[in-house]
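Subject: Structure handover

Hello,

Please find the structure we spoke about below. My notes on what was found in it follow.

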Amino acid sequence: AETTGQITVGGDFYSNDWKNAKLNEYRLRHTTQGGGFGEIRIESDSENHSTGFDLRYLSPQDVDLGLRAVGYGKYRFDFGFQRMGHNFAFDSKTIYNTSTSTRLTIDPAVKAPIAASLTSAALAANLTAAVNTGRRIDLFLSRDRVNAGLNFKVFGPLSVGLFADYEHRDGTRPYGGTFGFGNSIELPEPIDYDTLNARAQAEITAGPVYVNASMFHSTFDNKNQSFQYENPFRTVDSTTATAYLQTTAAGPVFGRNSLAPSNYNDSANVLAAVNLPLASRITVNANYGWMRQDETLLAPTDNTALIPALANPRDKADAKVDTESLEASFSTNPVDWTHLKVGAKYYRHKNRTPVADFAHIIADATDETLTVGPDTPDYVSWISRSAYGEAVFRVAQRSDIGFQYDYESESYRSGSAFRERINTGKVFFDTRPTGWMSSRVTLEYSQRRSRYPDYPAEEEIKWLRKFYAADRNRYAASVNATFTPVDPLSVSLDYMYGMDRYPRSLFGLRNGTSHTATADVSYQMTNAVSLYSFYTFEWDRTNQRDRQWTPLGIGDPSVAAFGDKNGFSNWFVKNSERSHTVGIGAKAGAIKNLLDIDVSGTYSHIYGRADFASGVGTVLNDSNPFVPVDFASIDNSELWKLSGKFMFNLSKAFGITLGYAYEKWKPVDYDYDGLTQVPVTGTGNYNGLLNLNTLYKPYEAHIATVAATYRF
Amino acid sequence: AQGPSPASQGYAGQEACVGCHQDLAASFARNIHSKGAKYKEAFVGCEACHGPGAAHAASGDPSLIRNPAKIGPRESGEICTGCHTAGKLSLWPGSVHETRSVSCTSCHSVHHGYDRLLRQENQMEVCFGCHADIRAEIWKTSHHPIREGKMSCTSCHNPHGSMTEGLISAQTVNGKCYECHAEKRGPFLYEHRPVSEKCLTCHTPHGSAHNKLMVRKSIYLCQSCHSNSRHPGTLYAINPATPGTNPYQKLGNRAIYRDCLNCHGNIHGSNHPTGLTFLR
């Protein structure tokens with residue numbers, strides 16, 4: 001056997017912002033300003049077998065390991081382990097004593113002045129004092145993932161595959177909690193997840209026939225099915241549950257939220273394909289799956305002041321969904337100048353969860369008194385039937401034109417629409433008229449028509465359409481051209497356009513357009529030197545209309561006298577987002593067999609805004625009483641990333657790499673202006689949000705790296 | 001048996017190829033394709049893909065040997081699918097890449113390939129060669145850990161063919177998302193309809209300027225569909241007459257920070273008996 005490999009050991013140093021959660025978003029190395037890393041790669045190859053081993057260690061929380069063994073023509077085995085972090089905030093403060101428990105409590109001495117606050121301004125001051133002396137908390141997830149796969153030939157045409165991956169995820173993540181509209185409290189949600197996916201398959205390849213039968217099993221186990229958090233504003237359960245009252249006057253002493261329920265999903269799948277004469281093929285795929293979730297239900301409330309005590313109609317969730325699909329396709333390439341394909345698919349998603357009446361606490365129609373139910377959850381089920389056809393013709397030497405038509409019909413139970421019909425037509429033209437030029441053009445038009453009812457009074461505004469189910473006309477076009485005027489130079493230009501119009505959506509999302517243009521240039525200067533660059537511009541816009549209204553108020557469309565789609569309480573928002581992304585890079589063997597250089601840079605600039613239009617009225621007539629100010633910064637950001645690697649090959653076996661990287665990220669958004677953990681209004685009052693300061697913060701870091709590599 | 005007699009069918013034999021193409025021989029020897037003799041009876045070395053080469057070997061005329069990189073995509077594809085018929089390759093015939101004239105050699109290099117014999121050092125660069133718009137997406141603020149190397153395109157897509165839209169390597173789009181985000185799978189006691197139907201209603205998987213890969217800032221995304229009484233239909237814009245100097249002072253707690261999600265933390269579904277509005 002011939003064994004080759006390399007071992008790399010090195011270290012890096014961060015100049016500043018090394019604790020920044022965004023810089024470390026998918027790794028976890030904030031405990032030190034720098035550290036060591038290493039990588040081992042070993043390959044062994046013989047006439048009958050090969051094995052491979054890869055280990056990449058960047059920090060205790062950033063590890064990749066892979067193991068591979070192949071017996072040529074007999075089996076393949078893969079094993080992998082991956083550890084990664086997902087970081088949200090490293091420098092937050094919390095008024096709660098514990099961070100990973102499922103019951104967050106507040107020290108009584110800390111809580112007392114908060115709950116006793118007599119004014120909103122005092123509340124803000126007392127909360128701020130509690131936060132300032134609170135416990136420091138980092139919010140992050142650690143993810144350990146193991147995967148293994150074995151595929152082996154049993155005999156003749158039969159091979160079997162066994163695949164599994166398991167992930168353990170734990171830590172905390174930012175999570176929204178509330179005791180009513182008067183307050184929002186950001187909380188560290190405890191995460192302790194185990195996910196296992198396993199698949200077993202048998203494949204038969206016998207002449208023209210291919211059959212694949214597989215079983216898939218997935219379980220999700222959450223150790224925390226609920227989460228309690230103390231209400232900083234209440235020392236005794238309140239009998240008033242209304243959401244709109246002053247923060248300290250309503251709600252229970254503890255809130256309890258349900259968390260992601262443990263569940264499982266099984267499915268069985270059979271795929272069969274038969275190759276026929278004239279380069280034709282029939283493929284059939286059938287799948288049946290079932291998802292189940294049967295966690296014990298929580299009590300409707302933890303508030304002991306609410307009388308009578310409320311009961312659930314059943315003890316467990318008993319949630320169950322079955323899915324089934326059957327699909328067949330036929331493709332043929334009978335002569336060199338044409339390719340045809342037709343297919344059809346049936347898919348059913350059936351939610352079989354029993355419908356029952358559950359207690360409803362906090363809000364009735366006017367959100368002002370406690371009511372006791374019922375809420376009756378309904379569950380969406382649907383059947384989708386679709387068919388498609390595609391024909392590609394060679395119309396000239398190295399030029400193809402293609403036509404595609406898709407039809408889809410969906411019927412819903414408890415969906416936003418009763419029924420949807422989607423017709424989609426697509427035309428594309430591919431040509432490579434010369435050896436130095438190729439081009440692709442695609443045009444698409446899609447029309448969705450829905451049986452979508454007007455909403456009844458007080459549910460949604462009467463003429464609202466949820467965009468994912470509304471009538472829609474979709475237009476899309478893309479053009480690509482690639483040129484290689486001289487062999488080492490390649491220039492590629494792309495443009496994509498998309499527009500969605502929702503012609504019957506008088507309210508909600510009404511239209512959206514997008515433009516994407518990209519230019520790519522690569523140049524192979526010599527065998528040892530290559531350069532590349534790209535630039536992408538994107539521009540997305542949406543328009544939506546909405547209305548402020550109070551049930552039975554003057555803006556209520558169900559009030560006949562005033563129910564008008566052009567009501568004066570309508571308002572409009574136009575969102576616009578532009579982004580520029582530029583990248584350059586070069587790889588060069590600067591000094592033959594001695595020095596290799598790899599440099600790259602990327603710059604991304606995104607800027608969005610929201611422009612409003614609204615009639616001005618008064619609070620009394622439901623209309624917006626002021627001229628709204630546009631938001632000039634919606635999730636704007638700038639990202640710079642520059643890196644350079646200089647690899648000195650001191651001998652055939654030994655090399656030194658010096659690296660430098662510069663990273664900078666800067667967000668600009670109205671949410672960042674004046675952010676504190678206890679924001680106050682302009683008059684100093686508490687504005688109803690106690691947060692953990694988990695918006696990602698800007699960073700700027702210089703990173704130096706040195707590494708030594710030994711090859712064998 | 002090692003297959004057909006080379007001499008009788010116009011084959012030159014691998015030794016003859018190596019005699020001239022020494023630069024290719026070294027890399028090919030470490031390539032799984034050079035091991036073909038162990039599991040393919042008809043294996044004849046280089047000529048398994050290039051066809052009988054005796055005439056070419058005798059004359060040196062490049063036109064007398066088949067070069068998969070220079071013939072049409074369908075023809076070169078047929079060479080590869082002569083062996084690669086199962087597993088992830090089983091749905092290649094008739095797949096969208098095949099019918100759009102993408103050939104195996106568009107992405108793979110049998111002689112000089114990197115891992116999985118790809119033409120580029122990493123999978124992203126191979127895919128971005130055509131899907132240039134996606135490259136810009138992964139540099140956005142919110143993104144899957146693709147550029148960090150923790151995921152790759154094939155974590156979600158099978159470029160060789162799929163029965164699912166977008167070459168998704170699962171039975172449904174949601175099914176693919178649930179493989180990693182099984183906590184969103186439910187089924188919940190109270191379900192949020194678009195979650196059950198399609199994750200892509202609210203999320204864009206390749207990258208977004210907005211938190212949590214959302215297609216728009218959440219406040220406007222939610223108001224695209226929700227305008228029932230009062231607060232979902234409220235215009236959350238700044239009133240210039242409101243005291244204060246920054247948005248936090250001028251806007252209520254439903255329009256700042258994580259806006260709607262400040263309270264509706266269980267937006268993917270709730271298992272709480274009073275979880276109708278996903279507050280619990």
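Helices and strands in these notes are DSSP runs, a helix having at least four residues and a strand at least two, and they are numbered from the N terminus. Please keep in mind that this is a predicted model.

Two backbone points

The peptide bond that joins B:Gly186 to B:Pro187 is cis, with omega at about -5 degrees.

On chain A, the loop between strand S1 (2–14) and strand S2 (34–45) holds A:Asp17. A:Asp17 is not a glycine, yet its phi is positive, at about 55 degrees.

The interface

Between them, chain A and chain B bury about 12300 Å², and 52% of that is on carbon and sulfur atoms. Of the area that chain A buries against chain B, 5% comes from A:Tyr26, A:Phe181 and A:Tyr468, which is more than any other three residues supply.

Polar links cross this interface as well. There are 67 residue pairs in polar contact between chain A and chain B, counting pairs with both residues at pLDDT 80 or more. Twelve salt bridges are found across the interface of chain A and chain B. A:Asp635 and B:Lys217 form a salt bridge through their side chains, at 3.5 Å from N to O.

Salt bridges overall

Over all chains, the count comes to 45 salt bridges. Within chain A, the side chains of A:Asp165 and A:Arg145 meet in a salt bridge at 3.2 Å, N to O. A:Asp165 belongs to strand S8 (residues 158–178) and A:Arg145 to strand S7 (residues 135–155), so this pair ties together parts of chain A that are 20 residues apart in sequence.

Cavities

Searching the whole structure gives six cavities of 30 Å³ or more. The second largest cavity has a volume of about 60 Å³. Which residues line the second largest cavity? Its lining consists of A:Lys93, A:Thr94, A:Ile95, A:Tyr96, A:Val131, A:Ile185, A:Glu186, A:Gln677, A:Leu690, A:Asn691 and A:Leu692. Strand S5 (75–94) and strand S9 (184–206) of chain A are the elements that give two or more residues to this lining. By class, the lining of the second largest cavity has six nonpolar, three polar and two charged residues.

One residue in its surroundings

A:Ala588 sits in strand S25 (residues 570–591) of chain A. Apart from neighbours within four places in sequence, A:Ala588 is in contact with A:Ala528, A:Val529, A:Leu595, A:Asp596 and A:Ile597. From A:Ala588 to A:Gln524 is 64 residues in sequence and 10.0 Å in space, C-alpha to C-alpha.

Regards

Methods. Residues numbered from 1 in each chain as written. Chains lettered and ligands numbered in written order. Predicted model: local features only at pLDDT ≥ 70, side-chain atom pairs only at ≥ 80, totals over all residues. Heavy atoms only, no water. Buried area = accessible area lost by both parts, 1.4 Å probe. Salt bridge = Lys/Arg side-chain N within 4 Å of Asp/Glu carboxyl O. Polar contact = N/O pair within 3.5 Å; in protein donor to acceptor, adjacent residues only side chain to side chain. 1 Å grid on protein atoms, 1.4 Å probe; cavity = no way out; pocket = protein on both sides within 12 Å on 5 of 7 lines; lining within 4 Å. Points joined across faces, edges and corners; volume = space filled by probe spheres on them. Nonpolar A, V, L, I, M, F, W, Y, C, P; charged D, E, K, R; others polar. Contact = heavy atoms within 4.5 Å.
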